[in-house]
Amino acid sequence: MALSGLEIYKLLPGGIKPPHPKANCKECGYPTCLAFAMKLAAKQAELSLCKYVSDEAKGKLEASAAPPIRLVALSAGDRKVQAGNEIVLFRHEKTFFNRPGLFVRVKDTLPAAEMKALVDAVAAYEVDYVGIKLRMDGLAVEAAVGDAAKFADAVKVAAAVKMPLILIAKDKALMEAGLNAAAPIVPLLYAADESNWQAMSELAKAKKAPLALKGKGDLQALASLADQVKGAGLENLVLDPGTRGFGDSLQIATQMRRLAIKANQRACGFPLITFPGEGPDAALEAPLAAQHVAKYGGFVVLDHFSPALVYPLLVLRQNIYTDPQKPIQVQPGIYEINSPKPDSPVMMTTNFSITYFAVANEIEGSGMPAWLLIADAEGMSVLTAWAAGKFDADKIVKTIKTTNIESKISHKKIVIPGAVAVLSGEVEGEMPGWSIMVGPREAVDIPSYYKNVWKSA
Ligand code: SF4
């Protein structure tokens with residue numbers, strides 16, 4: 001449970017009885033121990049700034065500062081995916097931090113050539129979404145045959161593309177063969193249950209691998225299993241509640257998130273792993289996966305892979321896990337579209353990503369060469385920025401001057417968005433010799449504006 005500022009103070013040198021000789025020494029950078037305690041409570045300072053906290057107090061303070069849902073990370077080469085560390089139930093309360101990893105299951109029953117083709121396709125899949133690269137996160141290799149050599153071969157094929165891995169096997173010897181084949185990648189081991197948790201825990205501990213625990217839809221039993229495994233010395237756990245339907249998996253995932261965040265139930269405070277392809281109807285894998293992305297999957301393992309299946313999930317995930325307090329934005333500056341020449345038009349808009357891509361795509365699609373001037377409007381769209389005073393005449397003038405667009409063009413004309421037509425006179429007043437043209441209000445009208453207005457201007 002998070003401690004209040006006063007509770008923290010009672011553990012610091014100034015708050016203990018009798019006070020530590022160094023109480024209020026200011027070495028932490030704060031005038032008193034109480035001021036430091038308040039900063040710690042607000043998570044605006046690090047405990048390590050005070051060298052005089054006793055070990056016992058340190059233990060209590062660190063435990064209280066631990067996130068309610070443990071962070072579990074998987075990596076391979078330059079790819080990394082992590083789940084957990086969430087602190088709210090709903091995104092609008094603050095934000096969600098770690099996007100659920102999207103994995104594709106490959107079984108060792110697949111013929112080698114098919115497996116390689118699938119693994120390569122998953123690894124190579126990448127789409128550009130408003131300037132953000134969306135990719136799959138990893139592969140889950142399942143020992144379906146039950147043969148260690150066969151499983152190891154399959155794991156090697158998956159490991160070759162250097163994506164984070166999940167190994168699926170129930171038997172310790174099989175899992176060990178997979179783990180050795182995956183090296184140096186450290187995969188998530190799936191899964192320990194009531195029948196094999198001791199053997200799997202030993203293996204996970206020896207290989208420093210995270211371990212998934214599988215339940216049977218009974219939250220109490222899964223929490224007890226988590227406590228047992230934690231007692232065996234493992235902290236990096238992932239939970240599979242064992243539910244597979246829409247209603248039951250939503251209910252248990254919500255319950256677990258609530259218990260972890262609101263009641264600080266540490267046994268529920270681990271990321272979830274889900275298998276939407278194992279739902280009641282395989283044809284509903286996509287909507288079930290979407291539910292898990294929204295609430296509250298940490299690692300989502302798909303049984304199929306195709307752009308049509310994964311693209312909507314990646315976009316949904318991106319939308320949910322984008323911090324609503326930080327608009328997605330592109331770099332301000334000059335963007336050259338369709339190899340512009342000195343006599344090409346200069347169009348200006350703001351650096352909100354969606355605005356930028358709407359305008360850039362229309363220009364690109366029209367085949368019109370143009371200079372696109374992007375003003376720094378703190379990531380806001382044109383009208384929002386104008387209303388907030390972030391895209392006014394001064395900002396337009398500043399953008400024209402700081403980008404030095406003048407050195408690239410043979411005319412002195414700038415097209416500003418139609419939504420801020422009201423600014424044209426003021427900008428012209430500040431930029432003698434320049435002609436400030438008013439473009440269309442909507443990006444979709446840019447091609448016809450080019451044909452009908454710019455060319456005849
Ligand atoms: Fe108090 Fe800060 Fe000195 Fe620690 S370093 S004893 S918190 S004033």
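The structure holds zero disulfides. The model is a predicted one. The chain is assigned three parts: domain 1 (5-65), domain 2 (72-320) and domain 3 (333-454). The centres of domain 1 and domain 3, taken over C-alpha atoms, are 53 Å apart.

**Ligand shell**

- Around the ligand stand Pro-13, Lys-22, Asn-24, Cys-25, Lys-26, Glu-27, Cys-28, Cys-33, Phe-36 and Cys-50.
- By class, this shell comprises six nonpolar, one polar and three charged residues.
- Cys-33, one of the residues surrounding the ligand, has a relative accessible area of 10% and is therefore buried.
- Cys-50, also listed around the ligand, counts as buried because its relative accessibility is 13%.

**Cis peptide bonds**

- Lys-17 and Pro-18 are joined by a cis peptide bond with omega of about -10°.
- Pro-18 lies in the loop between helix 1 (5-9) and helix 2 (33-41).
- A cis bond also runs from Lys-295 to Tyr-296, where omega is near -20°.
- Tyr-296 sits in the loop between helix 10 (285-294) and strand 12 (297-302).

- Lys-162, which is not a glycine, has a positive phi near 55°.
- The loop that holds Lys-162 runs between helix 5 (148-159) and strand 7 (165-168).
- Lys-208 is likewise a non-glycine residue with positive phi, at about 55°.
- Lys-208 belongs to the loop between helix 7 (197-207) and strand 9 (211-214).
- With a relative accessible area of 72%, Lys-208 is exposed.

Definitions and conventions
Residues are numbered from 1 along each chain as its sequence is written. This is a predicted model: local features need pLDDT of at least 70, side-chain atom pairs count only at pLDDT 80 or more; totals for chains, interfaces and linings use all residues. Side-chain values use heavy atoms; hydrogens and water are left out. Domain bounds come from an automatic or database domain assignment. A disulfide is a pair of cysteine sulfur atoms within 2.5 Å. Buried means under 20% relative accessible area, exposed over 50%, partly exposed in between (1.4 Å probe, protein chains only). A residue is near a molecule or strand if one of its heavy atoms lies within 4 Å of it. Ala, Val, Leu, Ile, Met, Phe, Trp, Tyr, Cys and Pro count as nonpolar, Asp, Glu, Lys and Arg as charged, and the others, Gly among them, as polar. Helices (H or I, at least four residues) and strands (E, at least two) are DSSP runs, numbered from the N terminus.
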